[in-house]
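Please look over the model below. My notes follow as numbered points.

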Amino acid sequence: MPELPEVEALVIFLRSKLVGRVVARVDVASISVLKTYDPPVTSLPGLAIVGVVRRGKFIDIDIDGLHLVTHLARAGWLRWKETLSATPLKPGKGPISLRVHLDDGSGFDLTEAGTQKKLAVYVVRSPQDVPGIVRLGPDPLSDEFDEFALRSLLEAHGRSQLKGLLRDQSVIAGVGNAYSDEILHVAKLSPFKVAGSLDDESIRRLYDAMVETLRGAIERAAGLPASELKDDKRTAMRVHGRKGQQCPECGDVVREVSFADSSLQYCATCQTGGKPLADRRLSRLLK
Ligand SMILES: [Zn+2]
């Protein structure tokens with residue numbers, strides 16, 4: 001799933017391609033991706049694109065005051081084409097859910113692989129009309145988000161475990177399963193550590209790790225074409241998705257805790273004082 005750095009890189013790329021162009025046509029192949037009906041998609045052709053911004057993991061394309069907003073979710077992606085086929089899409093066939101044609105013949109497809117069908121597209125008058133955007137917490141790369149802002153979030157959610165807290169979009173916008181593993185590894189903190197128990201030094205480490213990890217990932221991703229962003233994300237990870245491999249810091253083996261629908265990876269030597277965390281799913285089975 002694309003998280004803040006990949007979405008930011010996509011937004012930078014799209015901004016260079018889209019701003020100043022006029023929407024020529026929007027083809028909807030999968031009606032279920034459209035979460036809104038007023039204003040209709042048919043109100044977009046003829047309007048000029050004036051901006052592209054990221055809001056958490058959402059991409060917000062400002063089309064002369066209307067907003068085409070998308071959330072790529074787990075299996076969604078955006079494919080840019082310098083030349084798009086003018087042939088209408090066949091509804092329900094293939095991975096393309098929605099296609100936006102621009103006035104110079106270029107455009108992009110929003111695609112979804114697999115059967116999850118979580119890709120979401122909204123056409124709204126204000127980005128605040130998208131429920132997932134209204135709920136977003138502060139952006140960790142915004143100027144206002146400093147160490148004190150992080151401290152007050154940790155205090156406000158004192159009983160939450162760090163892993164869940166970092167992934168919660170209403171607490172911090174844009175961090176998901178992959179980068180929360182990476183941030184906690186850099187900060188040398190256990191994913192199950194309780195937010196309210198962090199001392200000043202740990203809060204500083206967590207803040208620095210968050211900013212450093214996300215900025216580093218954006219820098220790496222920014223020069224890449226959209227099609228290569230996903231692969232780059234995978235290869236650049238320190239512990240996420242690397243169960244059984246060596247920790248790049250200490251050489252210990254990267255361990256995993258599995259949950260019903262996800263898993264986390266960490267290094268016991270770096271993060272939990274050498275003590276492996278209990279695999280909750282396994283320990284429940286063994287009871
Ligand atoms: Zn380690």
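1. Cys270 is buried, at 11% relative accessibility. Cys250 is partly exposed, with a relative accessible area of 38%. Here buried means under 20% relative accessible area, exposed means over 50%, and partly exposed lies in between (1.4 Å probe, protein chains only).

2. This is a predicted model: local features need pLDDT of at least 70, side-chain atom pairs count only at pLDDT 80 or more, and totals for chains, interfaces and linings use all residues. Residues are numbered from 1 along each chain as its sequence is written, and side-chain values use heavy atoms, with hydrogens and water left out.

3. Which residues hold the zinc ion? Its protein donors are the SG atoms of Cys247, Cys250, Cys267 and Cys270, at 2.2 to 2.4 Å. Donors are N, O and S atoms within 2.8 Å of the metal (3.2 Å for Na, K and Ca); water is not among the atoms, so sites may look incomplete. The donor spacing in sequence is C-x2-C-x16-C-x2-C. Cys250 sits in the loop between α7 (229-235) and β9 (254-258), and Cys270 in helix α8 (residues 268-271), so the pair ties together parts 20 residues apart in sequence. Helices (H or I, at least four residues) and strands (E, at least two) are DSSP runs, numbered from the N terminus.

4. Why is the zinc arrangement tetrahedral? The four donor atoms subtend angles of 98 to 113° around the ion, which makes it so. The criterion for four donors is that all angles lie between 85 and 135 degrees.

5. The largest nonpolar core has 36 residues. Leu18, Ile59, Ile61, Leu68 and Phe108 have the most contacts inside it. Helix α1 (residues 4-18) gives the most to this core, with seven residues. A second, separate core has 30 residues, including Leu153 and Ala209. A nonpolar core is a set of buried Ala, Val, Leu, Ile, Met, Phe, Trp, Tyr and Cys residues joined through side-chain atoms within 4.5 Å.

6. Beyond its neighbours within four places in sequence, Leu18 is in contact with Ile49, Val52, Ile61, Trp80, Leu102 and Phe108. Contact means heavy atoms within 4.5 Å.

7. Two strands pair if DSSP finds at least two bridges between them. Six bridges join β2 to β3, and six join β3 (residues 58-63) to β4 (residues 66-71). Ile49 has Ile63 in β3 as its bridge partner, while Ile61 stands opposite Leu68 in β4. The hairpin of β2 and β3 has two residues between the strands, and Gly56 there takes a positive phi near 60°.

8. Another open sheet of four strands runs β1-β6-β7-β5, again with antiparallel pairing. β1 (23-28) and β5 (76-81) each have a single partner strand, so one side of each is left without a neighbour in the sheet. β6 (residues 96-102) and β7 (residues 107-112) pair over five bridges. His101 stands opposite Gly107 in β7.

Methods: Four donors count as tetrahedral if all angles lie between 85 and 135 degrees; four count as square planar and six as octahedral if opposite donors are over 155 degrees apart and all others between 65 and 115; anything else is irregular.
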